[in-house]
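The following exercises are to be worked with the sequence and the model side by side. Each task is followed by a solution in steps.

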Amino acid sequence: MKSQRAEALTRAVAEAVLAVPDVACLRPGLRSLLLRTAGKRLPAGRDPGDDPGAAVRITYDSLGSVAGLQIDVVVRAGQQAARTAGAVRAAAAQAAAAPPGAVKVTVTGIV
């Protein structure tokens, strides 16, 4: 179970990533896909199809500082995936107060 601090940081990083132009969405997680298939809604304040716990993974060092971020995004068609990934890396690093080199971005799809 994630701590409230870790959950809040995951949410902050997800929101920063979703604010990047040309990001269509975070990679949908299994939980959100199952809920959508069952016709259920996610709790208030969460975007449908967005499960940041699956698409934003944060690792911590022994002192509790952010050691690494792994982010999976879907990019809008017609956009340069590499440029969008760079913008995602910068936004995530700023939101998590981590060095950009600690952020890995994977483009999992184009829509």
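**Exercise 1.** In which hand, left or right, does helix 1 pass helix 4?

Solution. The model is a predicted one. Step one is to locate the pair: helix 1 covers residues 4–18 and helix 4 covers residues 81–96. Their axes come within 8 Å and cross at roughly 145 degrees. Step two is the hand: the crossing of helix 1 past helix 4 is right-handed. Step three is to list the residues in contact. Helix 1 contributes Leu9, Ala12, Val13, Ala16 and Val17, while helix 4 contributes Val88, Ala91, Ala92, Ala95 and Ala96. Step four is to sort them by class: ten residues are nonpolar, none is polar and none is charged.

**Exercise 2.** Determine the order of helices and strands along the chain.

Solution. Begin with the inventory, which is four helices and four strands. Reading along the sequence then gives the pattern α-β-α-α-β-β-α-β. Next, consider contacts between residues at least 6 apart in sequence: 64% of these join residues at least 24 apart. Finally, 38% of the 111 residues count as buried.

**Exercise 3.** Where in the chain is confidence lowest, and where is it highest?

Solution. Then compare elements: the lowest confidence falls in helix 2 (residues 30–37), at a mean of 50, and the highest in helix 4, at 96. Residues 41–50 have pLDDT below 50, and this stretch has 20 contacts in the model beyond near neighbours in sequence. Where pLDDT is low, predicted coordinates should not be read in detail.

Technical notes. Residues are numbered from 1 along each chain as its sequence is written. This is a predicted model: local features need pLDDT of at least 70, side-chain atom pairs count only at pLDDT 80 or more; totals for chains, interfaces and linings use all residues. Side-chain values use heavy atoms; hydrogens and water are left out. Axes are lines fitted to C-alpha atoms, for helices over the stretch in contact, and angles run from 0 to 180 degrees between N-to-C directions. Helices (H or I, at least four residues) and strands (E, at least two) are DSSP runs, numbered from the N terminus. A crossing is left-handed if the near helix is turned anticlockwise from the far one by less than a right angle, and right-handed if clockwise. Contact means heavy atoms within 4.5 Å. Ala, Val, Leu, Ile, Met, Phe, Trp, Tyr, Cys and Pro count as nonpolar, Asp, Glu, Lys and Arg as charged, and the others, Gly among them, as polar. Buried means under 20% relative accessible area, exposed over 50%, partly exposed in between (1.4 Å probe, protein chains only). pLDDT is the predictor's confidence in each residue, from 0 to 100.
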